[in-house]
Amino acid sequence: MSDGTSRDRDEELLLARISAAGGRAHLGRRRATYRAAPRGDTARAGRGAAIRLLWQTVVEAARRLWRAGGRTGANAGARLDFYEHGMTAAVDGRIHVIRYDTTVVRRRRVLSPQGITHAHVLIDVNGERIVLRGGDFGHPEVWGPEIRRAVTEAQVPRALAALAEGARLTFGSVWITSDEIGSRGTSLRWPQVQRIEISNGSVAIRVAGRWQVLGPVASGIPNPFVFHALAEHLAGAERDDD
């Protein structure tokens with residue numbers, strides 16, 4: 001069997017496994033696929049042994065940056081498949097299934113062969129963390145925002161319904177209700193909130209013309225885009241009622 005035929009067969013088997021995993025999780029129809037990004041021509045660039053040794057040293061020193069779990073690096077054949085209700089990430093022979101309505105997403109800056117890059121850390125349906133670095137798959141400027149958009153659209157309506165019924169939702173050390181936002185010993189009513197921003201994993205709120213930081217949020221706020229959409233809605237709703 002030729003290498004081409006073997007690769008085609010492997011691709012067919014992988015696609016079958018991905019489709020089966022997506023079917024079991026009821027992800028709906030496949031919408032897009034992003035394959036592993038081609039590795040740069042570092043070898044052709046003629047970097048010397050000293051540079052490679054320095055790189056190894058940096059990698060060892062920066063291992064703590066990867067403790068978010070699931071140290072995923074795209075290997076040959078790796079791919080992301082996006083569906084109506086979730087996505088799959090096929091890496092290292094494993095297929096991770098993520099549902100938009102249940103996953104938790106964090107943004108991180110991590111070390112990669114291309115330097116410091118942004119990454120999405122997601123929780124799959126089995127509770128395992130998986131790291132998707134910006135340079136691992138082609139077109140990160142497309143699939144990164146798509147993850148954030150899809151998770152927001154899937155989770156915000158249910159969160160708003162829960163808040164309307166009196167629930168208190170937590171995002172790391174920050175919590176919100178339909179009436180207030182707070183963290184630890186601090187709480188503010190939504191009419192007091194003039195503006196909300198998320199910076200370096202912390203929540204900053206402008207109240208009476210001054211900024212106040214809620215937290216600290218050392219590990220970064222989970223699902224920050226969901227939180228921001230909810231906060232903007234609640235604060236905006238209060239201002240609209242005035």
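Modeller: Helices (H or I, at least four residues) and strands (E, at least two) are DSSP runs, numbered from the N terminus. In this predicted model, the protein has four helices and 14 strands. Residues are numbered from 1 along each chain as its sequence is written, and side-chain values use heavy atoms, with hydrogens and water left out. Local features need pLDDT of at least 70 and side-chain atom pairs count only at pLDDT 80 or more, whereas totals for chains, interfaces and linings use all residues.

Colleague: What does the pLDDT average for the protein?

Modeller: pLDDT is the predictor's confidence in each residue, from 0 to 100. The protein averages 83, and 76% of the residues score at least 70. Over residues 57–61 the value is below 50, and this stretch has three contacts (heavy atoms within 4.5 Å) beyond near neighbours in sequence. Residues 63–69 also stay under 50, with 12 contacts beyond four places in sequence. Where pLDDT is low, the predicted coordinates should not be read in detail.

Colleague: Is Asp81 buried or exposed?

Modeller: Buried means under 20% relative accessible area, exposed over 50%, and partly exposed in between, with a 1.4 Å probe and protein chains only. Asp81, in strand S2 (residues 79–83), counts as buried because its relative accessible area is 0%. Across the protein, buried residues make up 40% of the 242 residues.

Colleague: Which side chains does a polar contact join to that of Asp81?

Modeller: A polar contact is a pair of N or O atoms within 3.5 Å; within protein, one must be able to donate a hydrogen and the other to accept it, and residues adjacent in sequence count only if both atoms are side-chain atoms. The side chain of Asp81 has such a contact with that of Arg30 at 3.1 Å and with that of Arg79 at 2.8 Å. Beyond four places in sequence, the contacts of Asp81 include Ile18, Ala32 and Thr88.

Colleague: Where does Thr88 lie, and what does Thr88 touch?

Modeller: Thr88 lies in strand S3 (residues 86–91) and is buried, at 0% relative accessibility. Among the residues that Thr88 touches, beyond four places in sequence, are Leu27, Asp81, Tyr83 and Val97.

Colleague: How many residues apart in sequence are Ile147 and Phe82?

Modeller: They are 65 residues apart in sequence, and 8.9 Å apart in space, C-alpha to C-alpha. Ile147 belongs to helix H3 (residues 140–164) and counts as buried because its relative accessibility is 0%. Beyond four places in sequence, Ile147 is in contact with Phe82, Met87, Val105, His120, Leu122 and Leu132.
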